[in-house]
There are 2 protein chains.
Amino acid sequence: MADRLSGMDLDMDAMAAVQNVYRAANTIRNHLERTVLAPHDLTWTGWVVLWVVWIWGDIETRHVATEAGISKGTLTGVIGTLEKRGLLTRRVHPDDARRVLVALTAKGRKLMTRLFPMFNTEEARVTSALSANEKTSLARSLRRVVAQVDDFTPPTD
Amino acid sequence: MADRLSGMDLDMDAMAAVQNVYRAANTIRNHLERTVLAPHDLTWTGWVVLWVVWIWGDIETRHVATEAGISKGTLTGVIGTLEKRGLLTRRVHPDDARRVLVALTAKGRKLMTRLFPMFNTEEARVTSALSANEKTSLARSLRRVVAQVDDFTPPTD
DNA sequence: CGGCTAACGTTCGGTCCCAAACAATGCTGG
DNA sequence: CCAGCATTGTTTGGGACCGAACGTTAGCCG
């Protein structure tokens with residue numbers, strides 16, 4: 001690799017940082033999917049959407065998409081899947097027929113109450129190689145990166 | 001959110017760490033896709049696969065899959081896409097007809113030589129809110145997380 | 001009121017993504 | 001030799017994913 005890259009004027013620190021962020025995200029996602037989500041037939045994105053709706057409750061789909069970090073087109077499909085499984089419901093906004101409100105069903109709430117502690121336990125296990133300080137420092141650095149990139153792209157909202 | 005979660009015995013540091021890793025990975029990926037990859041009609045995964053083959057040169061597909069962090073089934077499709085565009089070639093291993101060797105075409109090499117510096121420039125921009133120390137510290141923490149998870153799952157190789 | 005324009009969710013086409021089932025090839029012990 | 005058995009890449013089915021095009025609804029201003 002040094003071969004191929006020698007002679008180029010590169011920022012190796014940035015390269016290592018970016019590569020590890022992506023690798024870690026993938027590793028964590030796969031682990032949580034396999035240990036917590038797959039046994040309940042949930043995908044990562046399905047889980048994230050459920051989480052967002054669980055926390056916010058009765059939320060418009062465009063906000064769900066933003067919070068979940070996916071496009072509105074994707075969200076339509078994901079919500080369809082979750083609705084088919086009876087975990088959430090869709091209804092037209094009473095004051096604006098363009099908007100759609102989403103909320104968990106009783107079944108969805110029950111699932112989250114049961115699954116979330118398990119999910120968090122596994123999150124703890126995954127990060128158990130880091131001290132509390134390292135965890136918060138890690139989160140802080142990553143938040144700075146996200147904020148930086150958000151500054152590049154003027155809010156499309 | 002504090003509402004919904006109060007009364008539960010949670011590891012908030014772990015939760016914040018995991019959420020930020022995933023959010024940052026997504027943000028970085030989207031940014032690099034939009035600024036560097038999309039103008040050349042490349043997807044993130046396509047890029048990663050090209051990168052791996054570029055660096056290693058003449059590599060078996062199973063190793064590409066491992067390095068790129070995707071399943072072999074996915075790789076078949078991605079390589080098909082890249083092959084259709086004339087960026088790499090597939091050929092049967094001379095000593096073992098089960099294996100397949102992949103290598104970049106001249107067109108593929110040319111693309112990487114031109115695109116990689118641009119990609120790295122953007123990686124630098126994305127992480128420019130962090131000091132050199134923070135970048136290496138970030139990478140180190142993330143490597144530790146990955147190593148930890150790898151310890152959970154005995155190597156399936 | 002009525003035509004513009006903007007905002008919202010859905011649809012569409014193409015790609016990625018995985019696990020599981022599969023086919024083809026190589027290996028090894030009787 | 002050859003009958004299991006393991007290994008490798010491909011196929012398949014279901015879902016996620018995006019950007020762009022679309023249809024509907026709202027709001028604005030003449």
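1. A handy term to start with: a residue is buried under 20% relative accessible area, exposed over 50%, and partly exposed in between (1.4 Å probe, protein chains only).

2. A word on the ground rules. This is a predicted model, in which local features need pLDDT of at least 70, side-chain atom pairs count only at pLDDT 80 or more, and totals for chains, interfaces and linings use all residues. Residues are numbered from 1 along each chain as its sequence is written, and chains are lettered from A in the order in which they are written.

3. Now look at Asp58(A), in the loop between α3 and β1 of chain A. Asp58(A) is not a glycine, yet has a positive phi of about 60 degrees. With a relative accessible area of 40%, Asp58(A) is partly exposed.

4. Next, find helix α4 (residues 61-68) of chain A, whose buried residues are Val64(A), Ala65(A) and Ala68(A). They cover an arc of only 100 degrees around the axis, so they lie on the same side of α4(A). (The arc is that of the directions from the helix axis to the C-beta atoms.) These buried residues pack against α3 (44-56), β1 (59-60) and α5 (72-84) of chain A. Just after α4(A), Gly69(A) has a positive phi of about 75 degrees. Helices (H or I, at least four residues) and strands (E, at least two) are DSSP runs, numbered from the N terminus.

How values were computed. Side-chain values use heavy atoms; hydrogens and water are left out. Contact means heavy atoms within 4.5 Å.
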